[in-house]
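Please examine the model shown below. The paragraphs that follow lead through it step by step.

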Amino acid sequence: MGRLDIYLVLTAVVVYGLATVLFLTGTIFSKERVTTWAVRAGFLGMALHTGGVILRWWISGHAPSNLYELNSLGGLLAVAYYLWNVRKRQDLKILGLVLFPLVLLLIGYGFTKFSEVEPLKPEYQSFWLTLHIIFAFTATACYVLSFCGSVIYVLRGFKIAAPYLEKAPGDRILNDLNARLNALGFANHALMILTGAIWAQQAWGSYWSWDPIETWSLITWLVYGLYLHLFFTLNWRGKRIQILNLLAFAIIVISYWLVPHLPVRNFL
Amino acid sequence: MTNAKHFGASKLISSPFFLILLLVLIINIIACTFQRLGWLISNPSWNLGTKGLHNFAVIPERNEGAQQTITKVLHKKHYKLRVTKLPEGTVISAQKGMWAPWASVLFHISLVGIGIGIISSYLWGFHAVLNVTEGQIAKAQRGSFIKTYDGRLTKNVDPGFDLGVAEFEAEYNQGVAEPTKVVSYVRVFRNHEILASAPVSPNNRIEYNGFQIMLSRFGLAPHLTLQDQNNKVIFDGFVNMDWAVHKAPIFSVRDSVTLPGTDIKLEMELFPDAKIQQDGSIISISNEPKLPLLTVNASENNQALFQGKALPGQKIPLSNGMTLMFDKVAYWNGFEVSKDPGVPVIFLFSLLGGVGLMGAVLLNQSEILVVLNAGETRVGGKSRRFRGLFEEEIAELVKLIELGKGEVRNYG
């Protein structure tokens with residue numbers, strides 16, 4: 001029972017790997033049926049992954065807190081949000097080509113930081129932290145999906161890749177969808193910052209301390225704010241807004257993976 | 001290098017250029033918000049107008065039952081419908097998301113409100129860290145705090161009470177460095193009279209006289225007494241060991257201090273639950289101070305005075321004739337004492353901002369106009385945002401009413 005959660009996540013990883021291969025095959029050989037099977041594999045992987053995450057939550061008695069659990073939850077939410085969108089729009093299936101390798105990387109990174117179930121430190125025993133984590137990864141799921149859209153958009157600009165990506169939504173639709181996803185991510189990101197500040201006050205007595213993680217989270221939010229203003233107010237469209245989106249995602253990667261490992265005193 | 005430091009290369013967040021950028025951002029938000037607000041107030045109809053309305057589809061033949069299908073489909077998509085009979089035909093006007101521009105403005109005004117709350121706390125608030133050792137009282141007054149960030153307008157904020165720790169409990173699971181439960185039994189005094197008494201733990205703070213008191217840190221503090229050659233006490237007190245090293249399963253705490261009023265420097269390592277192994281090395285089998293052992297490396301002006309270990313109650317003779325005594329170990333607690341007058345304002349505007357942001361993200365202001373007459377049906381529309389998706393919606397509408405013959409044209 002104690003290991004079942006890990007086996008479920010590992011099986012989900014194998015299924016996501018299979019989905020990646022199917023997406024690649026379906027796209028390269030223009031086989032719509034293969035791509036449909038890739039999405040089905042995604043659904044199966046999500047079901048197994050959900051079981052694993054819920055079981056781990058139940059066994060530990062608390063929300064995901066260590067890097068393994070957080071990456072696993074992040075991957076699950078990204079897949080779930082992708083599949084939910086695919087059910088609404090079939091032409092978004094192609095985003096799986098970028099999404100599943102990303103999710104594999106995310107969960108794989110989590111496994112490199114694997115640790116057994118541990119009781120939570122007192123400062124982590126907070127309802128606000130659970131909310132903070134859920135909003136954080138919902139925002140990330142939106143941003144990840146939007147990133148996938150931008151990758152497809154930019155790749156389509158290359159003659160060599162364009163014929164394989166014909167089934168993706170048109171440029172104008174992709175522009176709109178990415179902006180909508182980023183707007184939703186931006187709202188969740190705002191809630192993440194707010195709940196994080198309340199939790200920080202409860203745990204350390206200060207709402208905001210300008211520590212590197214907080215600061216980079218704010219920087220990321222402001223960059224996505226810039227994206228939304230350029231899109232909605234200044235009507236930026238096409239390649240330049242997609243490249244900005246890719247850069248914004250790069251800042252997420254810096255904030256999540258790089259900043260926590262930097263020596264704090266060098267930054268502040 | 002000095003210029004780089006002055007510019008803020010080493011202290012990014014409090015550097016002038018960062019603060020200037022922050023100020024520019026705040027001015028920008030305020031200016032744009034009021035500009036948008038002015039525009040919205042001067043356009044009270046809040047609609048997109050009929051000017052610039054685009055024909056998406058012109059269907060040359062009239063389909064019987066089209067009106068019913070159109071109203072049903074648009075109603076399902078949450079459009080507010082108005083059907084008008086005119087000599088030219090039946091006009092179906094559909095609108096949704098009319099509040100979207102206001103939602104966006106509400107969000108931006110809320111950012112300004114949050115800024116006001118932050119500035120209020122910055123000017124009139126108080127935030128300080130107070131360390132209290134178990135079984136002792138510390139005066140929560142200026143000068144006692146390790147660090148203070150009090151309001152810029154009220155430099156002399158004084159909580160006016162003393163804080164004592166009657167007892168401290170930390171529970172550890174075996175083999176784990178981090179505690180699973182931490183409780184500090186705090187007493188608030190004024191003139192040695194107990195005013196309040198409550199357990200404080202992370203995520204469970206107490207409030208006294210408008211000041212929030214919360215436990216943010218804790219550590220171990222050995223009690224040391226230093227006597228000179230004539231047995232005169234030079235130092236007598238707890239030394240808070242701040243630099244914690246947890247290397248499971250060997251738990252120990254290290255720190256280096258210079259005893260006040262002397263040049264004697266002590267490099268110490270405390271093993272809370274010590275066990276001396278067969279090879280002579282020391283380990284601590286838990287983090288709880290059950291059987292503490294202190295290793296001391298004492299020196300004065302780089303001259304070694306003593307190097308060795310001590311158990312509680314043991315006297316350490318120093319080579320300069322003085323005596324150092326390690327009596328016992330207690331916990332010290334670090335309390336954050338704060339007052340944030342801007343917080344209610346921040347919460348209020350955060351709530352409004354959340355509503356505004358959700359409205360701005362989820363609502364899209366759009367209008368669809370359908371004119372049905374005997375000869376043809378015209379479908380037109382306008383959307384403030386997501387025009388590509390809006391065109392798709394119109395195309396879907398045309399398809400759904402099965403008129404089929406309309407040509408969906410690109411938005412101009």
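Trp221(A) is found in helix α7 of chain A, where helices (H or I, at least four residues) and strands (E, at least two) are DSSP runs, numbered from the N terminus. The model is a predicted one, in which local features need pLDDT of at least 70 and side-chain atom pairs count only at pLDDT 80 or more, while totals for chains, interfaces and linings use all residues. Residues are numbered from 1 along each chain as its sequence is written, and chains are lettered from A and ligands numbered from 1 in the order in which they are written.

Trp221(A) has 19 other C-beta atoms within 10 Å and is therefore partly exposed. On this scale a residue is buried if 20 or more other C-beta atoms lie within 10 Å of its own, exposed if 12 or fewer, and partly exposed in between, with C-beta atoms placed from the backbone. Apart from neighbours within four places in sequence, Trp221(A) is in contact with His189(A), Ala190(A) and Ile193(A); two residues are in contact if their C-beta atoms, placed from the backbone, lie within 7 Å.

The next topic is the meeting of the two chains. Chain A and chain B each bring residues to the contact, 28 from chain A and 28 from chain B. On the side of chain A that touches chain B, the elements giving two or more residues are α6 and α7 (212-232) of chain A. The largest share of that side, 14 residues, comes from α6(A). Sorted by class, the side of chain A that touches chain B has 15 nonpolar, 7 polar and 6 charged residues. In this sorting Ala, Val, Leu, Ile, Met, Phe, Trp, Tyr, Cys and Pro count as nonpolar, Asp, Glu, Lys and Arg as charged, and the others, Gly among them, as polar.

Helix α6 (residues 171-204) of chain A packs with helix α5 (residues 343-362) of chain B at an angle of about 165°, their axes being 9 Å apart. Axes are lines fitted to C-alpha atoms, for helices over the stretch in contact, and angles run from 0 to 180 degrees between N-to-C directions. The helices α6(A) and α5(B) are therefore roughly antiparallel to each other, a description used for angles over 145 degrees, with those under 35 counted as roughly parallel, 65 to 115 as roughly perpendicular and the rest as oblique. Residues of α6(A), including Ala183(A), Ala187(A) and Leu194(A), meet residues of α5(B), including Ser350(B), Gly354(B) and Val361(B). This contact of α6(A) with α5(B) has 9 nonpolar, 2 polar and no charged residues.

Chain B itself contains 6 helices and 23 strands. Of its 412 residues, 31% are buried. Among contacts in chain B between residues at least 6 apart in sequence, 59% join residues at least 24 apart.

Several strands of chain B can be followed in turn. Strand β4 (residues 126-133) of chain B has 7 of its 8 residues buried, so it is largely enclosed by the rest of the structure. Its pairing with strand β21 (residues 323-339) of chain B is antiparallel and has 8 bridges; strands pair if DSSP finds at least two bridges between them. In this pair, His127(B) stands opposite Ser338(B) of β21(B).

Strand β22 (residues 366-372) of chain B is likewise largely enclosed by the rest of the structure, since 5 of its 7 residues are buried. Strand β3 (residues 89-96) of chain B pairs with β22(B) in the antiparallel sense over 7 bridges, and Gln95(B) has Glu367(B) as its bridge partner in β22(B). Strand β23 (residues 377-383) of chain B also pairs with β22(B), antiparallel and over 7 bridges. A hairpin of 4 residues joins β22(B) to β23(B), and Thr377(B) in β23(B) is the bridge partner of Leu372(B).

An open sheet of chain B remains to be described. Its 4 strands lie in the order β5-β7-β8-β9, with antiparallel pairing. At the edges stand β5 (137-140) and β9 (193-200) of chain B, each with a single partner strand, so one side of each is left without a neighbour in the sheet. From one strand to the next, the twist averages 25°.
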